[in-house]
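User: I would like to go through this model with you, one topic at a time. Could you take my questions as they come?

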Amino acid sequence: MASTPLVDRHEHGYGAPHGHRHPAHQFETMAQQKESSTLGMWLFLVTEIMFFGGLFTAYMVYRHMYPVAFQVASSTLDATLGGTNTAVLICSSLTMALAIRSAQVNQLKRIVPFIVATMVFGMIFLGIKYVEYANKFHENHVPGPSFNLVLEDAQEAQAAAAADPLYQRHAEIFFSLYFIMTGIHATHMIVGLGILAVLIYFARRRKFDAEYYNPLEMTGLYWHFVDIVWIFLFPLLYLLGAHTH
Amino acid sequence: MDTAPVTTTAETAFERPNYLNADYGWKSWLFTLDHKRIAILYLISVTIFFAIGGTFAGLIRLELLTPEGDLMGPDTYNRMFTMHGIIMVFFFLIPAIPAVLGNFLIPLMVGAKDLAMPRLNLASWYVYNLGGLFTLWAIVHGGVDTGWTFYTPFSTTYSNTYVVPTALGIFITGFSTIFTALNFIVTIHRMRAPGLSWFRLPLFIWSMYATSLIIMLGTPVIAITVLCVGLERVLHLGIFDPRLGGDPVLFEHMFWFYSHPAVYIMILPAMGVVSELVAAFARKKVFGYRVVAFASVAIAVLGFLVWGHHLFVAGESVYSATVFSVLSMLVAVPSAVKVFNWTATLYEGSISYQTPMLYALGFIGLFTIGGLTGVMVATLGIDVHVHDTYFIVAHFHYVMVGGTIMGYLGGLHYWWPKITGRLYPGFASKLSALLVFVGFNLTFFPQFILGYMGMPRRYWSYPPEFQVLNVLSTAGASVLGIGYLLPILYFAWSLKYGEKSGDNPWGAVGLEWDTPSPPPTENFYTTPVVTHGPYEYTRDDVHNRMTQEATIG
Amino acid sequence: MAEHHQHPITPVRTYVFVWLALLVGTVLTYVFARSDFGWANTPIALVIAVTKALLVLYFFMELRHSTRMTVLTAVAGFFWLILMLSTFMMDYGTRMAVVLPVPGK
């Protein structure tokens with residue numbers, strides 16, 4: 001049976017205030033409101049680019065200064081787990097895009113399942129991250145008083161020490177950056193999950209349809225951006241030393 | 001400009017519904033979504049922080065009356081100048097004009113009912129206060145002694161003061177400015193009235209737009225930088241720690257990448273105010289409107305390319321220092337262009353010397369001195385000698401106090417009738433302006449000489465030969481303090497006893513003056529339709545204004 | 001059917017193709033990283049990452065249907081990041097080599 005539309009459908013001119021939806025009082029039309037939200041969200045993402053950008057800059061500087069230490073430290077990360085996480089986030093971006101699309105084409109019953117799928121992928125990501133952090137903790141690769149980098153391969157350790165006698169200290173910088181960058185990324189993911197949960201609440205109350213789905217779209221932009229950050233984090237943090245093993 | 005101005009007598013404007021009498025009670029203020037009320041909330045907050053920051057300044061100057069350190073110990077002195085800097089920079093200079101005047105005026109000047117995101121606007125005020133609370137908590141518990149610049153590794157490892165709460169306060173307040181800037185950019189792009197094209201906007205809007213661009217692009221970098229400092233202190237995630245091979249100069253790069261554009265966040269809004277004041281009090285459109293508009297954007301962009309001049313003697317490479325030196329001289333050009341254009345606006349204008357104009361003229365002179373000394377210190381050879389001396393202190397106070405604060409006060413006086421519907425007392429205001437100007441120069445000009453003679457900054461004692469100039473400076477600071485106190489008093493007085501101003505006491509031309517003073521909550525009774533550019537002053541305007549002049553300070 | 005949209009709706013097929021392309025890119029970057037191409041390892045990884053990012057931006061984030069202002073905003077953000085990266089390297093790339101003292105020597 002064809003799904004009954006939840007709202008009145010009627011023809012209207014572009015840009016004219018219409019139907020049952022009214023823009024907020026400061027706006028003239030729904031279109032103005034939507035364009036304002038979109039621009040606003042992109043501006044916020046620009047701040048996020050510069051926020052993470054500061055960390056990428058610090059990473060670039062120290063990698064330039066201590067290439068050997070960075071390579072050695074990176075090789076102790078599990079690139080398979082990292083790669084899996086990359087794939088998980090990519091899947092979550094797909095489901096997020098499909099959630100928004102469902103609203104756009106008025107397949108409103110699909111919105112919540114797609115958001116839930118996005119959240120599941122997000123939680124898988126965080127679960128794998130937890131495993132990775134636990135591994136680092138057990139290997140004493142967490143910066144601080146207990147930090148102790150001991151390479152399994154003695155030859156590799158010797159070569160590293162020859163190239164950079166202080167490579168273990170410099171590696172601690174790598175791990176600091178690793179934890180700060182992935183930690184802040186994970187925090188963004190957690191916030192994103194919170195927002196997605198709120199979206200589920202509103203979607204179930206039928207707040208979204210083809211005429212109004214701004215919050216879905218804005219959250220989607222945020223979620224995709226967090227995915228893009230990880231797309232860069234993965235090769236830069238995990239794959240530096242992948243060719244040495 | 002085409003809507004018939006609502007003509008009312010001063011008294012009836014007050015009885016009509018306006019944004020001040022629309023609703024009463026603390027809830028109507030603390031939960032307001034009206035940009036005009038939020039501007040007033042900000043006015044109260046920034047004034048409080050200004051008073052706190054000024055108190056620290058007073059204590060510094062008291063200590064420096066004598067060469068020996070006798071008022072307080074050296075560690076305490078370190079906390080004095082640190083807290084003075086942090087509060088003045090982050091909690092006064094950066095938010096003042098944008099959050100008070102920008103919030104109030106931008107929707108009015110673009111012909112909109114409110115900003116694009118009113119709830120975000122209110123949130124930004126609360127976030128500002130939350131950040132302020134963290135910082136105040138730190139102050140009450142003894143403050144921070146790292147200098148407002150938080151250089152590592154002292155701030156990350158060796159300082160025994162409340163670095164983390166203060167850094168957290170700054171981190172949180174940064175979001176407040178980002179929210180405001182985001183709101184401004186979206187509003188200016190999307191909510192202009194019909195007919196209001198970009199080149200018909202007042203120059204204040206252009207300045208606020210450029211300021212907002214800087215805020216969006218720069219503030220996140222200081223956010224991540226102070227966050228890293230906090231993480232290093234708390235979790236030992238050391239990226240600035242030299243024991244691990246960390247580079248303290250990297251901190252300086254990251255810190256100044258924001259903090260230099262931050263000074264343009266502080267000065268651009270003041271320049272925008274000055275453009276408005278010069279046009280209104282010379283009864284003339286600003287000379288070279290498009291050039292001034294583009295200069296604002298040029299300052300914003302170039303301002304991001306010069307921060308290395310804070311690191312000339314810190315250890316950056318000679319090659320990059322040279323590049324930064326050249327670029328720093330380049331960034332002075334659009335600022336100078338503005339000064340030339342304001343001067344050209346004054347030429348053959350019909351000038352009246354009311355209080356806002358006094359501040360605008362003061363700005364032009366003092367900012368020029370500050371800016372020229374900036375070019376001096378952009379010169380590598382000079383900076384090697386004057387870096388970390390009082391020469392630098394004098395330079396930045398000339399631009400931040402002689403510049404920004406004069407612009408802020410001028411704007412407050414000019415738009416006070418718009419905001420409150422009242423006039424401030426003319427004699428008191430002119431007296432204050434004079435005290436501020438004289439006090440300011442007496443405070444800071446001797447510091448140029450002190451710095452050039454070699455007195456270092458951030459020192460709690462100094463060689464006796466520097467005492468005379470220090471005494472002059474402290475005397476000036478006392479005068480300046482009175483000059484700042486008086487407006488707080490007479491503005492408060494005017495709320496109850498000030499003469500009612502009428503809708504447009506200055507006879508100024510601008511969308512904000514086409515609506516009653518104080519404005520109704522929705523700003524305009526009908527959406528204005530704009531048919532010509534700003535500052536369209538005519539001979540009639542001059543005549544009308546002159547008949548009103550006698551009663552207004 | 002909805003006529004309210006300012007831009008056409010992306011078909012599911014497109015999203016799925018982009019998703020597949022992103023997964024392929026991930027595998028590729030992993031595979032390339034396992035081989036030693038010397039100095040070229042990093043540029044290869046970055047090219048793949050940038051391509052993936054562009055796919056997400058253009059398709060998932062709908063930049064291809066967005067207004068010029070939106071696209072300009074996104075471009076400006078990334079441009080500023082590149083500005084920050086390059087100007088920092090202007091210092092770090094031109095410093096004299098520092099020989100670290102080895103403890104004990």
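User: What pattern does chain C follow along the sequence?
Analyst: This is a predicted model. In it, chain C reads α-α-α along the sequence, with three helices and zero strands.

User: And what percentage of chain C is made up of buried residues?
Analyst: Buried residues account for 31% of the 105 residues in chain C.

User: Take Leu22(C): buried or exposed?
Analyst: Leu22(C) counts as buried, because 25 C-beta neighbours lie inside 10 Å and the cut-off for a buried residue is 20 or more. Leu22(C) belongs to helix α1 of chain C, residues 12-34.

User: What is Leu22(C) in contact with, leaving aside its neighbours within four places in sequence?
Analyst: Leu22(C) is then in contact with Ile90(A), Lys52(C) and Leu55(C).

User: How far is Leu22(C) from Ile48(C)?
Analyst: Their C-alpha atoms are separated by 9.4 Å, and the two residues are 26 residues apart along the chain.

User: Now Leu54(C): buried or exposed?
Analyst: Leu54(C) is exposed, because it has 12 other C-beta atoms within 10 Å and a residue with 12 or fewer counts as exposed. Leu54(C) sits in helix α2 of chain C, residues 41-60. From Val12(C), Leu54(C) is 42 residues away in sequence and 19 Å away in space, C-alpha to C-alpha.

User: Moving to the interfaces, how many residues of chain A are in contact with chain C?
Analyst: The contact involves 43 residues of chain A and 43 residues of chain C. On the side of chain A that touches chain C, α1 (30-65), α3 (79-104) and α7 (214-238) of chain A each supply at least two residues.

User: Which helix gives the most there?
Analyst: α1(A) gives the most, with 15 residues. By class, the side of chain A that touches chain C has 27 nonpolar, eleven polar and five charged residues.

User: And how many residues of chain B are in contact with chain C?
Analyst: Twelve residues of chain B are in contact with ten residues of chain C. On the chain B side, α10 (248-282) and α12 (318-346) each supply at least two residues. The largest share comes from α12(B), with three residues. By class, the side of chain B that touches chain C divides into six nonpolar, five polar and one charged.

User: Back to chain A. At what angle do the axes of α1(A) and α7(A) cross?
Analyst: The axes cross at roughly 15° and come within 10 Å. Angles under 35 degrees count as roughly parallel, and α1(A) and α7(A) are therefore roughly parallel to each other. The crossing of α1(A) and α7(A) is right-handed.

User: Which residues meet there?
Analyst: On the α1(A) side, Lys34(A), Ser37(A), Met41(A), Trp42(A), Leu45(A), Glu48(A), Phe52(A) and Tyr59(A) take part. They meet Asn214(A), Met218(A), Leu221(A), Phe225(A), Val229(A) and Leu236(A) in α7(A). By class, the residues of this contact divide into ten nonpolar, two polar and two charged.

User: Over to chain B. What span should helix α8 have?
Analyst: Helix α8 of chain B, residues 163-190, has 28 residues and should span 40 Å at 1.5 Å a residue. The C-alpha atoms at its ends are 41 Å apart, which agrees.

User: How many residues of α8(B) are buried?
Analyst: Of its 28 residues, 23 are buried, and α8(B) is thus mostly covered.

User: What about the phi of Glu348(B)?
Analyst: Glu348(B) has a positive phi of about 65°, although it is not a glycine. Glu348(B) lies in the loop between α12 and α13 (355-378) of chain B. Glu348(B) is exposed, with 9 other C-beta atoms within 10 Å.

User: And Asp388(B), what is its phi?
Analyst: Asp388(B) has a positive phi of about 65° and is not a glycine. Asp388(B) is placed in the loop between α14 (380-386) and α15 (390-420) of chain B. With 14 C-beta neighbours inside 10 Å, Asp388(B) counts as partly exposed.

Methods: Residues numbered from 1 in each chain as written. Chains lettered and ligands numbered in written order. Predicted model: local features only at pLDDT ≥ 70, side-chain atom pairs only at ≥ 80, totals over all residues. Contact = placed C-beta atoms within 7 Å. Helix = DSSP H or I, 4+ residues; strand = E, 2+ residues; numbered from the N terminus. Nonpolar A, V, L, I, M, F, W, Y, C, P; charged D, E, K, R; others polar. Axes fitted to C-alpha atoms, helices over the stretch in contact; angles between N-to-C directions. Parallel < 35°, antiparallel > 145°, perpendicular 65-115°, else oblique. Left-handed = near helix turned anticlockwise from the far one by under 90°. Expected span 1.5 Å × (residues − 1).
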